[in-house]
Amino acid sequence: MGKPGIAGLYLGAGSSRRMGRCKLSIPLHDGGWLGGLALREILRSKLDRVYIVTKDDEPAWLTDALSSAEAGKLERTVVKALHAEAGMSHSIRSGLRAAAASGADAVVIMLADQPFVTREHLNRLIACFSKAPSLHYVASNDGGGSMPPILIASSLFPELMKLEGDKGARELLRQSRFRGETLMPFNPLELADIDTEEELAELKALTGWL
């Protein structure tokens, strides 16, 4: 299976309650779907492998992204979150079990509804950790605090496994006993996420990508 290295956890099992429809299946201008936009970038990053967490075996947006000419050759595994309705923590635990079993040194937690994340930003998170492997985490920062994508060292895997409900890794980063760094993206749009129809319309107007 290759060296353990740094694995990506691509979380695409959310219920889209605030959107009112499956946001990851929203069509793009190029014929793909929103859920696969960031995944195409991730699969060309310097991650060692990616665990794609979904509530379905392989939804259409995922099949399209994996078959795209832009998908790259990065090793990928689809992990089914059997109880996705339990919240983000369940999705994280589902992917983390697979990553930990492979012996990963760290994971990068990424959200499928952050469509503009670039592989350059992910590679910067990885490079920061590679230079300072004693860090507990390296998080993204939009100017308002830490947020995904977040690289979490294996030393925090037990803490991640304790998360419950609709909580993510940011819960851990608030604890002063953990040491980390944060990185601003070159373009703030990279960290934008889409939860509502209003946010979707705003990003369409700004980018024309969706």
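**Ground rules.** I am working from a predicted model, so local features need pLDDT of at least 70 and side-chain atom pairs count only at pLDDT 80 or more, while totals for chains, interfaces and linings use all residues. I number residues from 1 along each chain as its sequence is written, and side-chain values use heavy atoms, with hydrogens and water left out.

**Entry 1: Asp195.** I looked up where Asp195 sits, and found it in the loop between β7 (180–183) and α7 (197–207). Helices (H or I, at least four residues) and strands (E, at least two) are DSSP runs, numbered from the N terminus. Is Asp195 buried or exposed? Asp195 is buried, because its relative accessible area is 17%; buried means under 20%, exposed over 50%, and partly exposed in between, with a 1.4 Å probe and protein chains only.

I then listed what Asp195 touches, leaving aside neighbours within four places in sequence: Arg18, Met19, Lys23 and Asp113. Contact here means heavy atoms within 4.5 Å.

**Entry 2: salt bridges.** I noted 8 salt bridges in the structure. A salt bridge is a side-chain nitrogen of Lys or Arg within 4 Å of a carboxyl oxygen of Asp or Glu. Which residue forms a salt bridge with Asp195? The partner is Lys23, with the closest N and O atoms 2.9 Å apart. This pair links distant parts of the chain, 172 residues apart, as Lys23 lies in the loop between β1 (6–12) and α1 (34–42). Asp195 and Lys23 are both buried.

I also looked at Glu159, which forms a salt bridge with Arg177 at 3.6 Å, N to O. Glu159 is in helix α5 (residues 157–160) and Arg177 in the loop between α6 (170–173) and β7, 18 residues apart. Salt bridges that share partners join Lys23, Asp113 and Asp195 into one network.

Glu159 has a salt bridge with Lys162 as well, at 3.8 Å, N to O. Glu159 counts as buried because its relative accessibility is 19%, whereas Lys162 counts as exposed because its value is 56%.

**Entry 3: the largest pocket.** I looked up its volume, which is about 820 Å³. On a 1 Å grid over the protein atoms alone, a pocket is an open set of points where a 1.4 Å probe fits, with protein on both sides within 12 Å along at least five of seven lines, and lining residues have an atom within 4 Å of a point. Grid points are joined across faces, edges and corners, and the volume is the space filled by probe spheres set on the points.

How many residues line the largest pocket? There are 32, of which Lys23, Met88, Asp113, Asp166 and Asp195 lie nearest its centre. The largest share of the lining, 3 residues, comes from β6.

**Entry 4: Phe129.** I placed Phe129 in helix α4 (residues 119–131). Phe129 counts as buried because its relative accessibility is 7%. The C-alpha atoms of Phe129 and Ile6 are separated by 9.9 Å, with the two residues 123 apart along the chain. Apart from neighbours within four places in sequence, Phe129 is in contact with Ile6, Asp105, Ala106, Leu135, Val138, Leu151 and Ala153.
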